[in-house]
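Hello,

Here is the structure I said I would pass on. My notes on what was found in it follow below.

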Amino acid sequence: DSGVANRVVDKGCTIDDLILDEQAWSSQAAFLAHVSKVSFDLLKVRKITAAERSKLMVAAQASGIGTAPAN
């Protein structure tokens, strides 16, 4: 949880709708690149603040999405 409110930001889509965290990712780097692009695009159109973008990136990094499960 990033702590960023999951508000509607585009045509009925919420921030969580735009971040595809349920999708299978080939690597954590690929997921982080996705979150970076989505959050930067939202920042450019002033739907989120720079502080919120930072929180989203920290949460994405901590999520472990895209990393191989430990054996």
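Arg46 is found in the loop between α2 and α3. Its phi is near 60°, a positive value in a residue other than glycine. Most residues other than glycine have a negative phi.

Before the rest, some ground rules. This is a predicted model, in which local features need pLDDT of at least 70 and side-chain atom pairs count only at pLDDT 80 or more, while totals for chains, interfaces and linings use all residues. Residues are numbered from 1 along each chain as its sequence is written, and side-chain values use heavy atoms, with hydrogens and water left out.

Lys11 is another residue with positive phi: the angle is near 45°, and the residue is not glycine. Lys11 lies in the loop between β1 (8-10) and β2 (13-14), and is exposed, with a relative accessible area of 81%.

Now the chain as a whole. It holds three helices and two strands, in the order β-β-α-α-α from the N terminus on. The radius of gyration is 12 Å, close to the 11 Å that the globule rule gives for 71 residues, so the chain is as compact as a globular protein of that length. That radius is taken over C-alpha atoms, and the rule is 2.2 Å times the number of residues to the power 0.38. Helices (H or I, at least four residues) and strands (E, at least two) are DSSP runs, numbered from the N terminus. Along the principal axes, the C-alpha atoms fill a box of roughly 40 × 20 × 20 Å.

Of the 71 residues, 27% count as buried. The accessible surface of the chain comes to about 4700 Å², and 55% of it belongs to carbon and sulfur atoms. These areas come from the Shrake-Rupley method with a 1.4 Å probe; for residues, only the protein chains shown count as cover.

What is inside? The largest nonpolar core has 13 residues, and those with the most contacts inside it are Ile15, Ile19, Phe31, Leu42 and Leu56. Such a core is a set of buried Ala, Val, Leu, Ile, Met, Phe, Trp, Tyr and Cys residues joined through side-chain atoms within 4.5 Å. The elements that give two or more residues to this core are α2 (28-44) and α3 (50-63), and the largest share, five residues, comes from α2. Leaving aside its neighbours within four places in sequence, Ile19 is in contact (heavy atoms within 4.5 Å) with Phe31, His34, Val35, Val38 and Leu56. Among contacts in the chain between residues at least 6 apart in sequence, 49% join residues at least 24 apart.

Asp41 is in helix α2 and is partly exposed, with a relative accessible area of 28%. Asp41 and Leu20 are 21 residues apart in sequence, and their C-alpha atoms are 15 Å apart in space. Ala51 lies in helix α3 and is partly exposed as well, at 49%. The C-alpha atoms of Ala51 and Ala62, eleven residues apart along the chain, are separated by 17 Å.

Regards

Conventions: Buried means under 20% relative accessible area, exposed over 50%, partly exposed in between (1.4 Å probe, protein chains only).
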